[in-house]
Amino acid sequence: PSSNKRPPKLDLSTCLEVRHAWSPDPLNPMFTGTPILRLKCEASNAFKSFALIFPRRTVDITAVTADQCKVLMEGFSALCFRLQVASMAGRGKGAAAAGAVGAGMISAQGDGEDGTARALRVDD
């Protein structure tokens with residue numbers, strides 16, 4: 001279904017965690033992943049799926065292969081960490097540093113109110 005609504009922009013510096021679908025859920029240790037991943041991710045795709053966890057939502061991603069999933073998870077984790085460090089450093093340096101941190105935005109095209117993403121676009 002197409003929509004005229006613009007996809008939400010998510011600031012990667014606010015990403016709390018990058019969690020694999022098989023990683024324990026700290027809020028519910030009897031389960032893995034996130035509630036949405038458990039609900040929407042097919043068991044056959046869990047080994048290559050992960051979630052970017054933000055304060056108010058998650059962005060769930062299924063890679064093509066397990067290797068690609070590992071590379072994407074490591075990349076997102078490193079990028080989010082670097083943006084958080086830059087954001088902390090920029091707090092004392094004014095607007096110029098804050099503008100540089102804004103480059104870590106992604107747009108997530110969701111497929112419904114469950115918060116899952118079908119497509120991502122990284123904005124400069």
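The following questions and answers concern a predicted model.

Reader: What is the mean pLDDT of the chain, and what share of its residues reach 70 or more?
Author: The model is predicted, and confidence is given per residue on a scale from 0 to 100. The mean pLDDT of the chain is 81, and the share of residues that reach 70 or more is 71%.

Reader: How many contacts beyond four places in sequence does the model have for residues 95–102?
Author: Over residues 95–102 the pLDDT stays under 50. Residues 111–119 also have a pLDDT below 50, with 24 contacts beyond near neighbours in sequence. For residues 95–102, the number of contacts beyond four places in sequence is 5.

Reader: Which element gives the largest share of the largest nonpolar core?
Author: That core has 15 residues, and Leu 12, Val 18, Phe 50, Leu 52, Phe 54 and Phe 76 have the most contacts inside it. Two or more residues come from each of β5 (49–53), β6 (58–62) and α2. The largest share, 5 residues, comes from α2.

Reader: How many residues are in the second, separate core?
Author: Leu 37, Cys 41, Ala 46 and Ile 53 are among its members. The second core is separate, and its residue count is 6.

How values were computed:
Residues numbered from 1 in each chain as written. Predicted model: local features only at pLDDT ≥ 70, side-chain atom pairs only at ≥ 80, totals over all residues. Heavy atoms only, no water. Core = buried A, V, L, I, M, F, W, Y, C linked by side-chain atoms within 4.5 Å. Buried < 20%, exposed > 50% of the residue type's maximum accessible area, 1.4 Å probe, protein only. Helix = DSSP H or I, 4+ residues; strand = E, 2+ residues; numbered from the N terminus. pLDDT = per-residue confidence, 0-100. Contact = heavy atoms within 4.5 Å.
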